[in-house]
Amino acid sequence: MTSSSDGDGRSPATENPVLARIEAQLRKGNYLRGDDRPLPRILEEDAAEVSRLQMDLEEITSLMKRFYDEGRKALGDPVKIDDTFEVTVREDRGILACPFRDHFPAPKAIITAVNLKTGKILRFTVLGWHLIHAHGFFQGKESPFRIEPSDLKDFFE
Ligand SMILES: [Zn+2]
């Protein structure tokens, strides 16, 4: 039921109807708070930043996944990982559906990791992890769980 977009660039918003629908979902869910850029531009700009910083997102997101997997076993207690990180997972009941509609069911969990060597802190949700890992989406500029690519890189250095 995509209507009338003639692809003339009439609107500055997202033209790809699939992305436009996802974007509407993201705005409703507060993932784009304070960010008026169309979704494709947000994705592009963050991807450019990731490559400018020469980040290995595969490696980084697989570590984040480990933080969750190993942290949750401790049921809220902090866990040491690789002698470098201390991870605490706070898990609530319930599941969040990925707004990109790929049927990823994200447990409601907040992961707080401290890099014991630098004192830096990284805080993310399982859905936030998935959004970066699967969609290259770091959330909008003022979203509560926005992660700047540069902060992510710094944390793991
Ligand atoms: Zn997804």
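## Ground rules

Residues are counted from 1 along each chain as its sequence is written, and side-chain values use heavy atoms, with hydrogens and water left out. Because this is a predicted model, local features need pLDDT of at least 70 and side-chain atom pairs count only at pLDDT 80 or more, while totals for chains, interfaces and linings use all residues.

## Salt bridges

Let's start with charge. Side chains of opposite charge can pair when their charged atoms come close. A salt bridge here is a side-chain nitrogen of Lys or Arg within 4 Å of a carboxyl oxygen of Asp or Glu, and a search of the whole structure turns up 14 salt bridges. One of them links Glu23 and Arg27, at 2.9 Å from N to O. These two sit four residues apart in helix H1 (residues 17–28), so about one helical turn separates them. (Helices are DSSP runs of H or I with at least four residues, strands are runs of E with at least two, and both are numbered from the N terminus.) Glu23 is buried at 7% relative accessibility, while Arg27 is partly exposed at 34%. For these words, buried means under 20% relative accessible area, exposed over 50%, and partly exposed in between, using a 1.4 Å probe and protein chains only.

Helix H3 (residues 57–72) has Glu70 and Arg66 four residues apart, again about one helical turn, and their closest N and O atoms are 2.9 Å apart in a salt bridge. Arg72 pairs with Glu91, with closest N and O atoms 3.4 Å apart. Arg72 lies in helix H3 and Glu91 in strand E2 (residues 85–97), so this pair ties together parts that are 19 residues apart in sequence. There is also a network: Asp35, Arg37, Arg41 and Glu45 are joined by salt bridges that share partners.

## Paired strands

Two strands pair if DSSP finds at least two bridges between them. Strand E1 (residues 79–81) runs antiparallel to E2, joined by three bridges, and Ile81 has Phe85 of E2 as its bridge partner. The E1–E2 hairpin has three residues between the strands, and Asp82 takes a positive phi near 55° there.

E2 also pairs with strand E3 (residues 105–115), in the antiparallel sense over ten bridges. Ala97 stands opposite Pro105 in E3.

## Aromatic rings

The structure holds seven aromatic pairs. Rings of Phe, Tyr and Trp (its six-membered ring) pair if their centres lie within 6.5 Å; planes under 30 degrees apart count as stacked, over 60 as edge-to-face, and the rest as tilted. Phe67 and Phe156 have ring centres 5.9 Å apart and planes at 25°, so they are stacked. Phe67 belongs to helix H3 and Phe156 to the segment after helix H5 (149–155), so the pair ties together parts 89 residues apart in sequence.

Phe67 and Phe156 are buried. Phe155 and Phe156 have ring centres 5.0 Å apart and planes at 85°, so that pair is edge-to-face. Phe155 is buried too, at 1% relative accessibility. Phe67, Phe85, Phe155 and Phe156 form one aromatic cluster.
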